[in-house]
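Here is a short briefing to read alongside the structure. Take a moment to get the fold in view, and then we can walk through it topic by topic.

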Amino acid sequence: KEEVVRCCISKKHLVEDPPPGLRQSPKWGGLDYGTGDVGFTLLSIWNYDAEGRLSLVYGKRYEGREADPNFYLPHVVRTCRLFNVKRLGTDWGFGFQANPVLRKELGVNRVIPYFHMGMQRQKVKFDNDGDKFTTHRTRVLEDCFKLIRRGPVSVGVSFPCWEESEQFLRDVLHVYSEYSEASRQLIYDHRDDEPDDFLHSFCYAF
């Protein structure tokens, strides 16, 4: 938690309506889908700030009535256009119906589906048959944790002030690591009642 809180810059705030300068700079988005029960669909938008940090500028968890795809899909499209999102990394597993809609609205090359695999040799590879990228789940999540460990420095990561970011960052704190004898590797997991949606949104964007 100390490492996560250290990345929260007190002067930074989440943005709903980006000013012209921020609107014009390129952004990267991550979209993790959830059922709306325990896990939720969550959109995060990032840029690289003047200090060279990957910086969270917008976050949205779709809850209650907003968990309906009829609400969140148009909202994601509008928000990505508003923030000038160049690439939107999405969850392939739960997004089999939503991803084609987003690709139609935003463009095939702007919506990039990812599917976390338990084990594969490459950290990330392209699956031609499925038109998606597959990832080594542990290694790509570890990349996000490395950014957090670096802190709010160049090639690190920064989040808005803790008061605004806690609603998302608690998803990171829900995740624990354990060694799997079956796969002979470290794996990351979370309790069923403690979602990790923001971490995966972060990962898809990065």
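**Helix packing, sheet and pockets**

Helix H3 (residues 69-82) packs against H4 at an angle of about 35°, and their axes lie 10 Å apart. Please keep in mind that this is a predicted model.

**The H3–H4 contact**

- The crossing made by H3 and H4 is right-handed.
- On the H3 side, the residues in contact are Tyr-72, Leu-73, Val-76, Val-77, Cys-80 and Arg-81; they meet Ala-98, Val-101, Leu-102, Glu-105 and Leu-106 of H4.
- Sorted by class, this contact of H3 with H4 holds nine nonpolar residues, two charged ones and no polar ones.

**The open sheet**

- Eight strands build an open sheet with mixed pairing, and their order is E6-E7-E5-E4-E1-E2-E3-E8.
- At the edges sit strand E6 (124-127) and strand E8 (157-158), each of which pairs on one side only.
- Within the sheet, strand E1 (residues 27-32) runs antiparallel to strand E2 (residues 41-48), and five bridges join the two.
- Looking at that pair in detail, Gly-29 has Ile-45 of E2 standing opposite.
- Helix H4 (residues 98-106) packs on the sheet, where H4 touches E1, strand E4 (85-91) and strand E5 (111-117); the direction of H4 makes about 150° with that of E5.
- Helix H5 (residues 137-150) also packs on the sheet, in contact with strand E3 (54-62), E5, E6, strand E7 (132-136) and E8; the direction of H5 makes about 75° with that of E7.

- Strand E9 (residues 176-180) and strand E10 (residues 185-189) are antiparallel partners over five bridges.
- Tyr-176 has Asp-189 in E10 as its bridge partner.
- Four residues lie between E9 and E10 in this hairpin, and Arg-184 in the turn has a positive phi of about 55°.

**The largest pocket**

- The largest pocket holds about 380 Å³ of space.
- Its lining consists of 19 residues, and those nearest the centre are Asp-32, Tyr-33, Asp-91, Phe-94 and Asp-196.
- E5 and helix H7 (197-205) are the elements that give two or more residues to the lining of the largest pocket, and H7 gives the most, with three residues.
- By class, the lining of the largest pocket has seven polar, six nonpolar and six charged residues.

**The second largest pocket**

- The second largest pocket has about 240 Å³ of space.
- The elements giving two or more residues to the lining of the second largest pocket are E1, E4, E5, H5 and H7.

Methods. Residues numbered from 1 in each chain as written. Predicted model: local features only at pLDDT ≥ 70, side-chain atom pairs only at ≥ 80, totals over all residues. Heavy atoms only, no water. Pairing = 2+ DSSP bridges. Contact = heavy atoms within 4.5 Å. Axes fitted to C-alpha atoms, helices over the stretch in contact; angles between N-to-C directions. 1 Å grid on protein atoms, 1.4 Å probe; cavity = no way out; pocket = protein on both sides within 12 Å on 5 of 7 lines; lining within 4 Å. Points joined across faces, edges and corners; volume = space filled by probe spheres on them. Nonpolar A, V, L, I, M, F, W, Y, C, P; charged D, E, K, R; others polar. Left-handed = near helix turned anticlockwise from the far one by under 90°.
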